[in-house]
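Biologist: Could you take a close look at one part for me, the place where the two chains meet?

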Amino acid sequence: MRTRPLSPHLSVYRMSRYTLATSILNRFTGVALSAGLLLLTYWLMALAAGAHAYARALVLLSGGPAKLVYAALIVSFCYHLAAGIRHLVWDTGRGLERAQAQRSAWLVAAATVVMVLAIGYFAWLAGERTP
Amino acid sequence: MSLRTPLGRVLGLGAAKDGVQHWWVQRLTSVALVPLTIWFVVSLLALPALDHATVSVWLRQSWSALLLILLVLTAGWHSQLGMRVVVEDYVHDTGLRTLVLVLLTFAHVLLAAAAVLAVLRVALGGAGL
């Protein structure tokens, strides 16, 4: 039997299209947030294990590489939240026209930037308070 | 030769009522996660520090523990559904796909249980200080 192409047919899409970009980004950020869940659980377990274990975990959790991970998680969270709300609006049958979808794609991008800046600012303030 | 009617065959093969279950639960959890995740991020940012004492005191407030447990369970469920679709899309070998899906589900349940247990230990004061 002839081998047939299997879903998702990545090769038939034009990669530069905003439809594809917004969709695949939602998936990437979702996977990243799943990894973030791992980090959250580790943090909670360290907290439950007592002050000493928490202090030890904090060495890892407050290091330079960890901060990069938090930055990536913040961006992922903001994008996934905005894109997810866009999906929920679509599910009501609204905003599916091409022009509307194009506009909402920009709206998602703008909302992501605003949220990242806001969370980043407050996280930076918190970091200043407790080095 | 089968005596079943074409309609009977079709009814026996297709999705029976729960065809939209995955889609629906994905939406349901996402709606719940909007307020839960925003609450969590705002709460963390509002804490004066993230040391053991401060976070423990915060978690001992019953609302924090309750919402955090809901967040972990809902996020775990949402994550399991999402990761499942990713695996189904990209892992084409049936045996490997089944194995990965089983492990993925176990991992999510383990993660959610561990997180809930940790929250309860802190919230109920069982954690050593």
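Biologist: How many residue pairs are in polar contact between chain B and chain A?

Modeller: Bear in mind that this is a predicted model. Counting pairs with both residues at pLDDT 80 or more, there are seven residue pairs in polar contact between chain B and chain A. On the charged side of things, the rule picks out two salt bridges across this interface. One of them joins the side chains of Asp89(B) and Arg27(A), with N to O at 2.9 Å. As for where chain B gets its touching side, α2 (21-46), α3 (52-60), α4 (62-90) and α5 (94-123) of chain B each put in at least two residues. Sort that side by class and you get 29 nonpolar, nine polar and four charged residues.

Now for the extent of the thing. Within the area that chain B buries against chain A, Leu45(B), His52(B) and Leu111(B) supply 20%, more than any other three residues. Counted as residues, the contact draws 42 from chain B and 33 from chain A.

Of its 131 residues, 30% are buried. Chain A exposes about 8700 Å², with 70% of that supplied by carbon and sulfur atoms.

Key. Residues numbered from 1 in each chain as written. Chains lettered and ligands numbered in written order. Heavy atoms only, no water. Contact = heavy atoms within 4.5 Å. Buried area = accessible area lost by both parts, 1.4 Å probe. Salt bridge = Lys/Arg side-chain N within 4 Å of Asp/Glu carboxyl O. Polar contact = N/O pair within 3.5 Å; in protein donor to acceptor, adjacent residues only side chain to side chain. Helix = DSSP H or I, 4+ residues; strand = E, 2+ residues; numbered from the N terminus. Nonpolar A, V, L, I, M, F, W, Y, C, P; charged D, E, K, R; others polar. Buried < 20%, exposed > 50% of the residue type's maximum accessible area, 1.4 Å probe, protein only. Areas by Shrake-Rupley, 256 points an atom, 1.4 Å probe, with all protein chains shown as cover.
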